Amino acid sequence: MRVSKLVTTAFRIVTTALLALFWILPAQAQQSNGQYSMQEIVDAGHGFFGSTSGGLAKVVERAFESHGLPNGYILGQEGSGAFVAGLTYGEGTLNTKNAGQHSVFWQGPSLGLDWGGQGSRTMMLVYNLPDVNALYERYGGVSGSAYVIAGVGMQVNVNRDVVLVPIRTGVGARIGINAGYLKLTREPTWNPF
């Protein structure tokens, strides 16, 4: 009778341990897949943009609804200006869970019904990035701006499967819509092409 109780107790302990293991492993796999949660991005954005970014959470929420969880993000600053044709220049740091931090620079031309200039702090959400080297490409997109003193805006740029979603907050006077691309590079350059 005692051996029977001992076997039953041992069976229960092993079964409980196995069930716990099956519950823990998927949670650890989900945490280690290299993606960022919405709260992690909002916290990074508030730390970067400061308390003046009241609309940041709504813009990030919209990006997450459209594109899911990013596997990287870039924090940086940029300047841009346009009078029909425009130019954008920026620099920042790519943050990833699996590959660490990397410097990144971007520049790009645009063309459209667009006038004015702006200086922005920029957070770019990066989706479907297979490795850091795949980031340094051209990403096409369409942008609309309505800055009068300050504003928050979001844009989507695509290159094959990799998607960049720049979220900008800044100051300036700019209004319009344009089409163009951003070219991301490892080193700064004045050549936007």
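Start at Asn191. Setting aside neighbours within four places in sequence, Asn191 is in contact with Gln107 and Lys183, where contact means heavy atoms within 4.5 Å.

Before moving on, note what you are looking at. This is a predicted model, in which local features need pLDDT of at least 70 and side-chain atom pairs count only at pLDDT 80 or more, while totals for chains, interfaces and linings use all residues. Residues are numbered from 1 along each chain as its sequence is written, and side-chain values use heavy atoms, with hydrogens and water left out.

**Stop 1: around Asn191**

Keep Asn191 selected. Asn191 sits in the segment after S5. Strands here are DSSP runs of E with at least two residues, helices are runs of H or I with at least four residues, and both are numbered from the N terminus. Asn191 and Gln107 are 84 residues apart in sequence, yet 7.5 Å apart in space, C-alpha to C-alpha. Asn191 is partly exposed, because its relative accessible area is 41%; buried means under 20%, exposed over 50%, and partly exposed in between, with a 1.4 Å probe and protein chains only.

**Stop 2: the paired strands**

Select residues 72-96 and 100-127. These are strands S1 and S2, antiparallel and joined by 24 bridges. Strands count as paired if DSSP finds at least two bridges between them. Pick Tyr89: its bridge partner in S2 is Gln107.

Now select residues 162-185, strand S5. S2 pairs with S5 too, in the antiparallel sense, over 21 bridges. Pick Arg121. Opposite Arg121 stands Thr169 in S5. As you look along a strand, remember that in a regular strand the side chains alternate between the two faces of the sheet.

**Stop 3**

Go to the end of S1. A hairpin leads from S1 to S2 through 3 residues. Lys97 lies in this loop between S1 and S2. Lys97 has a relative accessible area of 35%, so Lys97 is partly exposed. The side chains of Lys97 and Glu40 make a polar contact at 3.1 Å. A polar contact is a pair of N or O atoms within 3.5 Å; within protein, one must be able to donate a hydrogen and the other to accept it, and residues adjacent in sequence count only if both atoms are side-chain atoms. Then find Tyr73. Lys97 and Tyr73 are 24 residues apart in sequence and 9.9 Å apart in space, C-alpha to C-alpha.

**Stop 4: two helices**

Select residues 38-49 and 56-67. The axes of these helices, H2 and H3, come within 10 Å and cross at roughly 145°. Axes are lines fitted to C-alpha atoms, for helices over the stretch in contact, and angles run from 0 to 180 degrees between N-to-C directions. Which residues of H2 meet H3? Met38, Ile41, Val42, Gly45, His46 and Phe49 do, facing Leu56, Ala57, Val60, Glu61 and Phe64 in H3.

**Stop 5: two backbone angles**

Most residues other than glycine have a negative phi. Select Val84 in strand S1. Val84 is not a glycine, yet its phi is positive, at about 70°. Val84 is partly exposed, with a relative accessible area of 35%.

Finish at Asn128, in the loop between S2 and strand S3. Phi of Asn128 is also positive, near 65°. Buried or exposed? Asn128 counts as exposed, because its relative accessibility is 51%.
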